[in-house]
Every structure is written in C-alpha cells, then in structure tokens.
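Here's a chain to get to know, sequence and fold together. Let's walk through it with a few questions and see what turns up.

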Amino acid sequence: MVLLLSIVPSFHLTAQVGHDPSHSPYRDIRRGGVGVITFGYLGGSRGGPGVGISDGPTGGLLGAALGVAYAQTTRFVVDPTKDSLSRRTGPFNNDVVLADVGLQLALTGRKTWHGFAPYVGGALGVALGGGSPPEPNGYEFGSKLTVAPEAGLRWYPARRVSVRGDFRLVFWRLKYPLDYKQPASDNSRVLPLDARLTEWTAHPWITIGLGWTF
C-alpha cells in the first residue's frame with residue numbers, strides 16, 4: 001500500500017466576466033486540508049539486463065507536499081556466470097518505498113470549471129528497494145533518486161468531495177556491476193563491452209483517488 005503526501009499551491013483567478021454568478025460554470029474550491037485515498041499501478045522499463053523493478057499495484061493516502069509511498073513490484077535476478085539461456089530467474093517480489101517532495105499547479109486556480117480542475121506538477125524524491133533474492137555478484141536495486149513530472153484532473157461532485165485521476169512518469173537511474181561485461185561459459189555477456197554501466201528508466205504511475213476537504 002502506498003502513502004503519498006502533496007501540497008497543491010493555488011493561484012486565484014480574476015473575476016469571471018459575462019456570467020451570472022448563479023449560472024457561472026466556475027465555482028470556488030473549498031479551502032482547507034485535503035485527504036485523498038488512492039489506488040494505482042506502477043509499470044515501466046526494467047532496463048537492458050532486465051533487473052530493474054516494475055509492474056506492481058499501489059495504493060495510498062495524499063495529504064501535504066511530503067510524500068511517502070509503498071509499492072509491491074517485482075524484479076528478475078541475473079547470474080552473469082551462467083549462459084544466456086539460464087542466467088535470468090524470477091520474477092521475485094521486491095517491495096519499494098518512495099519518498100518525495102512535490103508541487104502542483106492548478107490550471108483553473110482556486111476554481112473549478114463545470115466541477116473539473118486540471119493540474120500539472122512534479123516531484124523529487126528517493127526510491128528504496130529491498131526484499132528480493134541477492135544476485136551472485138551482489139547487485140541490488142538499493143536506493144535511487146527519482147524525478148517525476150505529473151498531470152491530473154480533479155472532479156468535485158460536492159464542495160468537500162473530490163475524485164481525481166493522476167498520471168506520473170517516474171524516472172530513476174540503475175547502476176550495473178562490472179561483472180555484467182564478463183563472458184559467461186558460452187562467451188555471452190549480460191552487457192556488451194561498449195555498454196554504459198548506468199541507465200535511466202521511466203515508470204508510468206497511474207492512480208485514481210477519492211478526496212475529502214476538511
């Protein structure tokens with residue numbers, strides 16, 4: 001289950017011109033603290049060798065700009081000493097904790113349009129992985145810095161209630177051991193000799209949430 005916390009800065013709109021306030025498509029968003037329960041899914045690339053984490057359900061609680069998240073992902077284990085047909089095993093469970101600081105820009109400010117309020121934003125944080133079997137060469141996911149642009153839409157069916165859909169693209173950098181370039185018994189390698197030992201991978205993260213304004 002995922003715990004996430006975020007602050008959504010607000011930007012006031014100027015008065016709407018040409019609409020009777022009682023019939024205006026714009027409505028003020030209620031001020032106050034907001035708690036949001038979310039459910040989602042984290043996917044994305046496992047990197048060239050296929051040892052990165054991915055593919056797991058998420059769920060959480062949104063509140064302020066600081067975020068703490070938990071995801072149940074999986075990863076594969078690679079033994080570079082074995083031939084290309086038998087070196088990879090798995091997938092194995094690999095739990096991940098995500099912590100970040102994020103900001104959001106509400107595109108309609110402190111108002112909704114026909115009950116809807118789109119937003120864009122981003123977050124910086126860390127991902128802490130563990131729980132999967134260690135590889136013979138000692139490789140593990142470890143801790144990673146994360147960068148995550150996002151966009152989403154809130155719908156307010158009532159003053160205190162909001163339903164939201166959110167899309168993030170989370171980036172982190174994998175670092176591979178030098179053993180991945182050593183030849184195995186069949187002279188194959190996990191990584192070519194000219195390959196980089198670091199790689200950025202992208203992870204789409206889609207969530208749906210139900211919020212309450214206190």
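Q: What percentage of the 214 residues of the chain count as buried?
A: Keep in mind that we're looking at a predicted model. Buried here means under 20% relative accessible area. Of the 214 residues, the share that passes this test is 42%.

Q: How confident is the predictor, going by the mean pLDDT of the chain?
A: Residues 1–16 have pLDDT under 50, though the model still has 65 contacts for them beyond four places in sequence. Where pLDDT is low, the predicted coordinates should not be read in detail. For the chain, 89% of residues reach 70 or more, and the mean pLDDT is 85.

Q: How many helices and how many strands does the chain have?
A: Read the elements from the N terminus on and you get β-β-β-β-β-β-β-β-β-β. That comes to zero helices and 10 strands.

Q: Which element gives the largest share of the largest nonpolar core?
A: This core has 20 residues, and Leu98, Trp172, Tyr176 and Tyr180 have the most contacts inside it. At least two residues each come from β4 (66–78), β5 (88–106) and β9. The largest share is three residues, and the strand supplying them is β9.

Q: Which residues join Tyr176 in a cluster linked by ring pairs?
A: Tyr176 is among the core residues with the most contacts inside the core. Beyond four places in sequence, Tyr176 touches residues including Arg46, Pro49, Tyr139 and Leu191. Ring pairs link Tyr176 into a cluster with Tyr139 and Tyr180.

Q: Are the rings of Phe116 and Trp155 stacked or edge-to-face?
A: The chain has five aromatic pairs. In this one, the ring centres of Phe116 and Trp155 are 6.4 Å apart and the planes sit at 25°. Planes under 30 degrees apart count as stacked, over 60 as edge-to-face. So Phe116 and Trp155 are stacked.

Q: Which strands hold Phe116 and Trp155?
A: Phe116 is partly exposed at 34% relative accessibility, and Trp155 is partly exposed at 37%. Their pair ties together parts that are 39 residues apart in sequence, because Phe116 lies in β7 (residues 116–130) and Trp155 in β8 (residues 143–155). The strands asked for are β7 and β8.

Q: Which residue lies over the face of Phe76?
A: Charges over rings turn up in this chain: Lys144 lies over the face of Phe141, at 4.6 Å from the ring centre. For Phe76, the distance to the ring centre is 3.9 Å, and the residue is Arg88.

Q: Is His203 buried or exposed?
A: His203 is in strand β10. Among the residues it touches beyond four places in sequence are Leu42, Ile53, Arg168 and Trp172. The side chain of His203 also has a polar contact of 2.8 Å with that of Thr201. With 0% relative accessibility, His203 counts as buried.

Q: Which side chain makes a polar contact with that of Ser188?
A: The C-alpha atoms of Ser188 and Pro80 are separated by 8.9 Å, though these residues are 108 apart along the chain. The polar contact of the Ser188 side chain spans 2.6 Å, and the partner is Asp186.

Key. Residues are numbered from 1 along each chain as its sequence is written. This is a predicted model: local features need pLDDT of at least 70, side-chain atom pairs count only at pLDDT 80 or more; totals for chains, interfaces and linings use all residues. Side-chain values use heavy atoms; hydrogens and water are left out. A polar contact is a pair of N or O atoms within 3.5 Å; within protein, one must be able to donate a hydrogen and the other to accept it, and residues adjacent in sequence count only if both atoms are side-chain atoms. pLDDT is the predictor's confidence in each residue, from 0 to 100. Contact means heavy atoms within 4.5 Å. Rings of Phe, Tyr and Trp (its six-membered ring) pair if their centres lie within 6.5 Å; planes under 30 degrees apart count as stacked, over 60 as edge-to-face and the rest as tilted. Helices (H or I, at least four residues) and strands (E, at least two) are DSSP runs, numbered from the N terminus. Buried means under 20% relative accessible area, exposed over 50%, partly exposed in between (1.4 Å probe, protein chains only). A charge sits over a ring if NZ of Lys or CZ of Arg is within 6 Å of the ring centre and within 35 degrees of the ring normal. A nonpolar core is a set of buried Ala, Val, Leu, Ile, Met, Phe, Trp, Tyr and Cys residues joined through side-chain atoms within 4.5 Å.
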